[in-house]
Amino acid sequence: MEVWPLLEEWQETMPAERKDAIRTRLSQVLNQFLLNDFGALVQILYRVDVSEAKVKNMLQQHPGTDAGDLLADLLIQRQEEKRKTFASFQSPPAESDEEKW
């Protein structure tokens, strides 16, 4: 699946042009899943831990917007949330051996 490499590549600090390219490609891939393999799309959303309520709400609030774009935004948002949470639990490196004790 092409979704995982795209999500792994996404970084908040990357240039806007690269973000747009990744988001566009992710949207295209998600649309293909939506049309051809809905079960796989549901598994992707589950695996990334995107709330079903958020998906339904987003699709209902933006009926004329491309579903792939909306889903890509939700996946990217969730990945950023997970990275921030993970980073908040990382302990800073000790400055010296003495401080380890």
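Axes here are lines fitted to C-alpha atoms, for helices over the stretch in contact, and angles between N-to-C directions run from 0 to 180 degrees. The model shown is predicted.

**View 1. Helix α2 packs against helix α5.** Helix α2 covers residues 16-36, and helix α5 covers residues 67-88. Their axes lie 8 Å apart and meet at an angle of about 115 degrees. The crossing of α2 past α5 is right-handed.

**View 2. Residues in the contact of α2 with α5.** From α2 come Arg 23, Leu 26, Ser 27, Leu 30, Asn 31 and Leu 34. From α5 come Ala 67, Gly 68, Asp 69, Leu 71, Ala 72, Asp 73, Leu 75 and Ile 76. By class, 8 of the contact residues are nonpolar, 3 are polar and 3 are charged.

**View 3. Arg 47 over the face of Trp 4.** Arg 47 sits 4.3 Å from the ring centre of Trp 4. Aromatic pairs in the structure number 0.

**View 4. Confidence along the protein chain.** The average pLDDT of the chain is 88, and 89% of the residues score at least 70. Among the elements, α2 has the highest mean pLDDT, 95. Helix α6, residues 97-100, has the lowest, 59.

How values were computed
Residues are numbered from 1 along each chain as its sequence is written. This is a predicted model: local features need pLDDT of at least 70, side-chain atom pairs count only at pLDDT 80 or more; totals for chains, interfaces and linings use all residues. Side-chain values use heavy atoms; hydrogens and water are left out. Helices (H or I, at least four residues) and strands (E, at least two) are DSSP runs, numbered from the N terminus. A crossing is left-handed if the near helix is turned anticlockwise from the far one by less than a right angle, and right-handed if clockwise. Contact means heavy atoms within 4.5 Å. Ala, Val, Leu, Ile, Met, Phe, Trp, Tyr, Cys and Pro count as nonpolar, Asp, Glu, Lys and Arg as charged, and the others, Gly among them, as polar. pLDDT is the predictor's confidence in each residue, from 0 to 100. Rings of Phe, Tyr and Trp (its six-membered ring) pair if their centres lie within 6.5 Å; planes under 30 degrees apart count as stacked, over 60 as edge-to-face and the rest as tilted. A charge sits over a ring if NZ of Lys or CZ of Arg is within 6 Å of the ring centre and within 35 degrees of the ring normal.
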